[in-house]
Amino acid sequence: QVQLVESGGGLVQAGGSLRLSCAASGSIFSINAMGWYRQAPGKQRDLVATITSGGITDYADSAKGRFTISRDNAKNTVYLQMNSLKPEDTAVYYCNAEVWNTKWEFHSYWGQGTQVTVSA
């Protein structure tokens, strides 16, 4: 079994910053891509940013220039540094990891989500 635990969400004023963390643990052999997604009330879950095990990143247009994704492979942890936050960034942020477990099975795992609220 693999678990993803997110932290770092909260309430911040517009223009402020937050740093999200997501640590993967359990029966992990290796992790391919890791990423962050978000879901606002009444909307679908959308990609924010992804990063491969080699450090190649991809961002949604809404995140480019403001958010930075990074990872520590030794700690199986992915981060999302969010700067210049806007009220429209308010959402539940979910961590995702594509994992080869110790049984040589490949699964996509999700964290429980962390709330980010940006006040105007």
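Start by selecting Cys-22 and Cys-95: both are buried, where buried means under 20% relative accessible area, exposed over 50% and partly exposed in between, with a 1.4 Å probe and protein chains only. Before going on, note that this is a predicted model, in which local features need pLDDT of at least 70, side-chain atom pairs count only at pLDDT 80 or more, and totals for chains, interfaces and linings use all residues. Residues are numbered from 1 along each chain as its sequence is written, and side-chain values use heavy atoms, with hydrogens and water left out.

Cys-22 and Cys-95 form a disulfide, with 2.1 Å between their sulfur atoms; the cut-off for a disulfide is a pair of cysteine sulfur atoms within 2.5 Å. The S-S torsion of Cys-22 and Cys-95 is about -80°, so this disulfide is left-handed. It links distant parts of the chain, 73 residues apart: Cys-22 sits in strand E3 and Cys-95 in strand E9 (residues 91–101). Strands here are DSSP runs (E, at least two residues), numbered from the N terminus.

Next, color the sheet that holds E3. Its four strands run in the order E1-E3-E8-E7, open and with antiparallel pairing; strands pair if DSSP finds at least two bridges between them. E1 (2–7) and E7 (67–72) are at the edges with a single partner strand each, so one side of each has no neighbour in the sheet. Zoom in on E3 (residues 18–26) and E8 (residues 77–82), which pair over six bridges. Along the way, find Ser-21, opposite Tyr-79 in E8.

Last stop: Ser-108, in strand E10 (residues 106–110). With 45% relative accessibility, Ser-108 counts as partly exposed. Look for the 2.8 Å polar contact between the side chains of Ser-108 and Asn-96; such a contact is a pair of N or O atoms within 3.5 Å, where within protein one must be able to donate a hydrogen and the other to accept it, and residues adjacent in sequence count only if both atoms are side-chain atoms.
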